[in-house]
Amino acid sequence: MPFWAWNGDLSPERLTIQICQMKEMGFGGFFMHSRFGLSTEYLGKRWFECVKRCIEEAVSLGMDPFLYDEDRWPSGYAGGMLTTAHPEYTQCGIDYEFCEIAGAGNHDIGYFAVKFKDDTIVGYRRIELDGKLQKDERFCRVFEVLAPVDDSLNASSYIDMLNPAAVKEFIKLTHECYLQKLGKDFSHVAGIFTDEPTYNNFRGKLPWSKLLPERFFEVYHTRIEESLPELFFEIDGVSTSKLRLDFYNLITAEFVNAFSRQVGDWCRANGIALVGHILGEDDLFAQTQAVGSAMRHYEYMDIPGIDVLSEHWNLYLAAKQCSSVARQQGKEFRMCELYGCTGWDFPLEGHVAIGDWLNVLGINILVPHHFWYQMGGESKRDYPASISPISPYYLAYHVVSDRFDRINREFAGKQEVRNILVINPLESIWFGRPLEAYGKERMINENGFFIHTGAEKYAEMNRVQSVVNELLSRHLDFDFGDEEQMSRLCHVEQNKLLIGKAAYKTVIVPELRTIRATTLNLLTAFAWTGGEVFYFGDAPAFVDGLPDNRAKEAYREFFALTFDSSQLEKYRDVSCSLAGGGEAGSVLYRLSEDDDSKVLELCNTGTEMQEDIHAFPAVCERNITLKNALIKWKLSEEYRVFELDVNSGSKTVVETRRENGLTVFARDFDRLQSRVFIATLKTPANTVKPNTVVPVGAFELKDEAFEYELSEENILVLDHPAWSIQAGHWHEPKYVLHLDTELRGLINLPPRGIMAQQPWFDRSVKAKYLPLTLGYTVCCKKDFEQLRLAIENPEQWQFSLDGMLFKPEDCGCCCDHSMRIVTLPALTAGHHVLELTTRFNKNTSLESIFLLGDFAVKGNDELSKAPLRLKKGDWTKQGFPYYVGNVTYYADFDAQGELLEFDFSDRSGTAFGVSLNGEKERVFVSPPYKCLLATCKGKNRLAFQIYGSRRNALGPFYIRETPYMITPRTFKQYETPVRQLRPYGIDAKEEQ
């Protein structure tokens, strides 16, 4: 169910067309998501007309319509209305500075004399503004910082998420507005998405609220104002602080109760689901900065979720935290927003690979980022790709959707099997060093929020990340337990530990600094009933943040854990081992069961575990394969095992043997391949006999020139115009996005960007205009009668060719209704100058333009005759450097009616399709890229389609190395004037 980016002037008619397109792509629903570029007033009359129409269409098609609770993100500011009307609800943080004693500031909340010994803080005391400093003391001012007014929030400030009254106003302005305006249609709404709410939206300051001092005193009977330096500093070399532990526990509880609980209660009371994700669930440090504890928020979300950006984030810990709470709370559905920042050329095997590892870790609703309403202007750089008809693979996308649906239906209604509970060590992070003390060696994303990524952070995170990696790579699945939730929801029955609806046979305690007394009591009671508790490191010296020997005493009944031992074997349900011995660390699994059957999915991620969860290799570089991997499954002898064909839905019986009370069989795993097995007492529906026909050989595409067919016209990118202002001096060609920024500066306009004020809201004063002419040189090696031009907003421009004005005819659109196709005069062999003139102003967006037609693009972007045939190799080097559609190659060959195997693993594209002798195309979206071809006697014709992408027309072009993440600013980076293209075609990788 994709994010549906509503980013233009909305038309109910066009919206309903797009719903049908989503249905065609295999999506079961959608999230109506306001996005940059929206010119229809958010929550206005037209907005609700569109929402109602979309709900009606979804119901008629059997799809689930979901709302989205904000104008862009993060959730909470109500499109700018909230803090504009209620500035008292503005979020704030606290900061400090060492300075000279001076006059009080308006937002000061405390003054301290901080004592230093060398560079170490050894003590502090609170003083008045006129207090005297003693030897080795420095004056420290602690003050509130109000969240700034931000254009990305429509000239408003972010909300105080620790204030229940502020969140209540957000609900009134958003949720209750939907309830009132939609009327009876609200009953058909499936849920509402909340996106990245946070108690710290302005990056780097500690969270705060004007309500916090009194709440802290109510809960802990301590005045936090007296001890504020402890929130920022280690004191006298002591890294731990009960004050910091209490501070983070309190602000987490305040945030959870004010937002997640209050919004969740409203949703459930009104018959819809609260779905979405919070900010910074990636790791324990990011959670500390942004939300406190992700797990505590998930308790009040009906469909809790996470966000996986780019292809490099393997957030196993985040996925496990989410699915753990969901299992404990009996929530069947868990979601992930994914594929953002991957770029236009991200192949469908990447969509499958990321979706598969999320699936096996318990995430079963995928929310692709995203399906655009339109791609005009800055919107085309809004974290592409657009998973919609804008991308040429869209007609093949149902294969991806159907595959996930097919797998998840096998698991639906079954209980997940996980025997091991791992105590979440988050409170030991809070209790340990303040965030200010950690290194800030590298930023992992461009907004600068998750700043603590240095070696010190990794050493600290390894307290839990190493446990996650070891357990998953050894096929010992587990859930996390949050100590606060355990204190309310956990109890012991015989030799089982139960949290809500989940039961565990053993517990692992990572190395902790402090442990809750309630947790210690539960683990002790569990051990007394015969349960085994394992631990790493030394027993914590603190209980509830205070020095205490109780943990040391309790640990005497527990067991020190080493992964090299067999201590956990009795809790194992599944083993997937390499032929040479040892568990296959690249393989993840999930296991579910009911009274009649068990279902096992094994996912070869193609890569080993690693410490840095944000730097996994690109999907195309995940190349681990397994030969004869030995699968051992703890099953009763009477169960028969069947394998699900994840692409067709058919099932075949698996030949197994019994070994030491286990069911054993072997399987190969290609890179990124997943397999699903069903153990049942009876033969399942759709079971077929295994295919025992062996191909007589391999079919090879000869190294010859192929007939070919394009799904679209060829294209020439024009993105470096010469330019002139007021018909004056001509300037040298300049990259069009940089020129746009320069011209805006000349008329005192800020640069364009997706974080600017929304068009529907924009209150800025209209600036002056510039008479502007752009000039493009087009070189032709032959005459062309029917070339066309793809351009946005052609009505804003006056056109001339070689000095002669012409009025182009609108011929429709190119891949999106915002990209209009207009006619051009005939071009003869030689050089031509195309000029476009306009009054450049606030509403002008300079973008690339594109020549379309039946031509080839040769060196120096000269247009020549299109080739009659294509050879093996990169099509970008055969006259189609900027081509963005699909190409079908045709190969004729003689056969005797034999069965041949066709392997197309080395082809380059986003997906592949094969058809023999006119049969329906078989689409392949993930490895193994092999199929059997049943030939006929005599002449045969193979049609082999390579699906392309918009990458080589839309970029980013001018970055030497492949970007880590594709963001809006990536398209404006300019490191080289030579366009960096992606290879496409048969055996194209060889020419990279």
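R215 and E218 form a salt bridge, with their closest N and O atoms 2.7 Å apart; the term denotes a side-chain nitrogen of Lys or Arg within 4 Å of a carboxyl oxygen of Asp or Glu. The model is predicted: local features need pLDDT of at least 70, side-chain atom pairs count only at pLDDT 80 or more, and totals for chains, interfaces and linings use all residues. Residues are numbered from 1 along each chain as its sequence is written, and side-chain values use heavy atoms, leaving out hydrogens and water.

Both R215 and E218 belong to helix α6 (residues 212-220), three residues apart, about one turn of the helix. Helices (H or I, at least four residues) and strands (E, at least two) are DSSP runs, numbered from the N terminus. R215 also meets E254 in a salt bridge. E254 lies in helix α8 (residues 242-269), so this pair ties together parts that are 39 residues apart in sequence.

Accessibility is classed as buried (under 20% relative accessible area), exposed (over 50%) or partly exposed (in between), with a 1.4 Å probe and protein chains only.

| Residue | Relative accessibility | Class |
|---|---|---|
| R215 | 28% | partly exposed |
| E218 | 49% | partly exposed |
| E254 | 12% | buried |

A further salt bridge joins E643 and R667, at 2.9 Å between the closest N and O atoms. This pair links strand β31 (residues 640-644) with strand β34 (residues 662-669), and both residues are buried. The count of salt bridges comes to 72.

Helix α17 (residues 517-528) has twelve residues. Its buried residues include L520, L523 and F526.

Key: Expected span 1.5 Å × (residues − 1).
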